[in-house]
Amino acid sequence: MRKKAVLLLLALGVMSLMSLPALAADKPVYGGTLVYREASDPPKIDPAFTTDTTSDRASNLIFETLVFNDPDGKKILPGLAESWTINKDSTVFTFKLRKGVKFHSVSEGKPTLNKGREVKAEDVKYSFERLVRLKSPRAYFVEQIKGYKEFTEGKAKEWTGIKVLDPYTVQFTLEYPFAPFLAVLAYHAFSVVPREDAEKWGKDFSFHPVGTGPFVFKEWKHDQRFVVERNPHYWGKDAQGNRLPYVDRVEIRIVPDTSVAWLEFKKGNIDILSAIPNEYYKECKGLYGPKKLFVERPWVGTYYIGMNTSKPPFKDNVKLRQALNWAIDRQAISDLILMGRNRPVKGVLPPSMPGFNPNLKGYGYDPAKAKKLLAEAGYPKGLTVEFQFNSGGSNRQIAEAVQAQLSQIGVNVKLKELDWGVHLDTCDRGETQMFRMGWVVDYMDPDNFLFVNLHSSNAGSKGNYSFYKNPKVDQLLSEARRESNWNKRMKLYQEAEQLIVNDAPWIFLFAYTTSMVHQPNVKNVVLPAMGDYQIDLSRVWKTK
């Protein structure tokens, strides 16, 4: 879903399912249970409210969008829409739905209200309007659709920019050309859901999810396992015409402790292990790499520490924020804790994101400069700050390393560790001083990192957890998303990113790397460029 590829797709208009990668040479086997490890319980499953990769991994098994990404992130492929057309100025997108696609007829082993009926264009319109009605934190991703403001403010009864032309045709009209629009529609928030079940359960739809995907919701034992079973009526097929999915059941097993997860994998109790623990990384790569069971690739994501610019001590104190950036030895943390896997970054965009600026002027490691700036910021004797982070992975080790390095310039850091869901909620509400956060790609465009995370209109749950505000940055980012010329867009984004780095609302740390290991009897495991949370488990099978 890279931007240049997306622009090409705008010209082509339609992609074919035959663009999907061919299956491995082995003949697929049906049946069995696939066990996938997760470090924490998914906070939400309802696509209207899932804003994190943990939730995505589970919800992607159940729900589907009009279009989706190919594994390399370079193409947009048909999903519930079998084809689409785009007008000359890229403001009208018309989608033809695939006929015969049905909603799940059961959920949790019980009949659904929709009774397994066929998906129609009205369902697409309803699903988009539902996002606004429920105040979904990601509804604004498509604020370019005509009538968004009026519908959001309750001045209109329907979203006028979304039209049902016939039972299988839905049309979106934009207020202005928006280059990433097609890519945005692949984002999971825009999954199609049945009105009957969604309205029956309301906010509890997250615990009774019903979609059109390859798997049907079976069971959720919180903090233990999330289970789905094969959808016998699924429309999807592989390149040879075989029905998907292959496995009968997928169990996402919640194993918070990395040591336990690694031992369980080596015992064969876990089929796929992603986010390889750093302490076992070399062992894992050495054992399974030669067997071609270990896969790794750069992940389009950034690991950072945010500073809440809406409250003291970071409010209106650029020098303090800059001081903390100069005090961090990113390379040392990467080498000693992360096995050198994650590359230090100077700014917001990871190297694999289109628009990445290799000439960006960022922060190195200079404790003397950090102390000088700290004094100029009004803290010659140092200060105390609270750093909140979520449990799991190497977050505690990184937090302790940051704590130690900041202590060298006189900053006393008090650590606060929370479960992921609680951590996310407090960041949404701006109840932090410093916080650990990561952002991985939703759609392959700089807009997804810069506008979503750092435009002032997105303060809080929309993504700007630092509550950062710079009118010039807002102006540049707004102009960039309306600009259709690729080179001009990138210039605007790079200018905005440099201003953001200068303002230092984040301590810029690392670009992610994603890795995964699987058992020998697990076949056709493809690690997507956009991260393991987008892995297509419907195409994975077990030989025994």
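The side chains of threonine 94 and glutamine 171 form a polar contact at 2.9 Å, a term for N or O atoms within 3.5 Å of each other, where within protein one must be able to donate a hydrogen and the other to accept it, and residues adjacent in sequence count only if both atoms are side-chain atoms. The model is predicted, so local features need pLDDT of at least 70 and side-chain atom pairs count only at pLDDT 80 or more, while totals for chains, interfaces and linings use all residues. Residues are numbered from 1 along each chain as its sequence is written, and side-chain values use heavy atoms, with hydrogens and water left out.

Threonine 94 belongs to strand β5, residues 92-97; strands (E, at least two residues) and helices (H or I, at least four) are DSSP runs numbered from the N terminus. With 15% relative accessibility, threonine 94 is buried, meaning under 20% relative accessible area with a 1.4 Å probe and protein chains only. Beyond residues up to four places away in sequence, threonine 94 touches, among others, Trp84, Leu165 and Gln171, where contact means heavy atoms within 4.5 Å.

The largest nonpolar core contains 124 residues; such a core is a set of buried Ala, Val, Leu, Ile, Met, Phe, Trp, Tyr and Cys residues joined through side-chain atoms within 4.5 Å. Helix α16 (residues 486-503) supplies the largest share of this core, seven residues. Leu406 is among the residues with the most contacts inside the core; leaving aside neighbours within four places in sequence, its contacts include Leu324, Val413 and Met434. A second, separate core of 29 residues includes Leu61 and Ile252.

Technical notes. Buried means under 20% relative accessible area, exposed over 50%, partly exposed in between (1.4 Å probe, protein chains only).
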